[in-house]
Amino acid sequence: MTRNKLPGELRLDYLRAAIHASNRDEIGLTPRQKIIARVLTRLCTDVQRRCFCAYYGQEMGVQEIANAMHVNQSSVSRNISSARRKINTVLDLVSDREETK
């Protein structure tokens, strides 16, 4: 899923969380943005976090990230997708937990 196809609210959450994950701070984040930032810093690999943060936080293109990291585009895409899957899994778990309260 490309940046532009994400719902506006989720795109903003990804953007803010990616910026804060790069800085490793959570000041001013919503609870959902904090979860996203924590997944990026605690559950994602360094490469996944860097690709995700460059794509969503710095709004770089996949080719631009690939060039900067000296890897191919498919590697960047896979790492962004892996980070997004981890984030969505945790958000789903948190949502399920909230529903059972």
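I began with Arg 32, which is partly exposed at a relative accessible area of 30%. Here buried means under 20% relative accessible area, exposed over 50%, and partly exposed in between (1.4 Å probe, protein chains only). I kept in mind that this is a predicted model: local features need pLDDT of at least 70, side-chain atom pairs count only at pLDDT 80 or more, and totals for chains, interfaces and linings use all residues. Residues are numbered from 1 along each chain as its sequence is written, and side-chain values use heavy atoms, with hydrogens and water left out.

**Salt bridges**

I looked up the partner of Arg 32. Its side chain meets that of Glu 9 in a salt bridge, 3.3 Å from N to O. The term asks for a side-chain nitrogen of Lys or Arg within 4 Å of a carboxyl oxygen of Asp or Glu. Arg 32 lies in helix H2 and Glu 9 in helix H1, so the pair ties together parts 23 residues apart in sequence. Helices are DSSP runs (H or I, at least four residues), and strands are too (E, at least two); they are numbered from the N terminus. Glu 9 counts as exposed, at 57% relative accessibility. I also noted a network of salt bridges that links Glu 9, Asp 13 and Arg 32.

How many salt bridges does the structure hold? I found five. One of them joins Glu 26 and Arg 38, at 2.8 Å from N to O. Glu 26 sits in the loop between H1 and H2, and Arg 38 in helix H2, 12 residues apart. Arg 49 and Asp 46 also meet in a salt bridge, at 2.5 Å. Both lie in helix H3, three residues apart, about one turn of the helix. Is Arg 49 buried or exposed? Arg 49 is buried, with a relative accessible area of 12%, while Asp 46 is partly exposed at 42%.

Next I checked the rest of H3. Nine of its 12 residues are buried, so H3 is largely enclosed by the rest of the structure. Just after H3, Glu 59 takes a positive phi of about 55 degrees.

I then traced the largest nonpolar core, which has 28 residues. Such a core is a set of buried Ala, Val, Leu, Ile, Met, Phe, Trp, Tyr and Cys residues joined through side-chain atoms within 4.5 Å. The largest share, six residues, comes from H3. Leu 40 is among the residues with the most contacts inside this core. Leaving out residues up to four places away in sequence, Leu 40 touches residues including Ala 17, Phe 52, Cys 53 and Ile 87. Contact means heavy atoms within 4.5 Å.

**Aromatic rings**

I counted four aromatic pairs. Rings of Phe, Tyr and Trp (its six-membered ring) pair if their centres lie within 6.5 Å; planes under 30 degrees apart count as stacked, over 60 as edge-to-face, and the rest as tilted. Tyr 14 and Tyr 56 have ring centres 4.8 Å apart and planes at 70 degrees, so this pair is edge-to-face. Phe 52 and Tyr 56 form a tilted pair, with 4.6 Å between centres and 40 degrees between planes. Tyr 14, Phe 52, Tyr 55 and Tyr 56 form one aromatic cluster.

**Cysteines**

Last, I looked for disulfides (cysteine sulfur atoms within 2.5 Å). The structure holds zero. Cys 44 is buried at 11% relative accessibility, and Cys 53 is buried at 4%.
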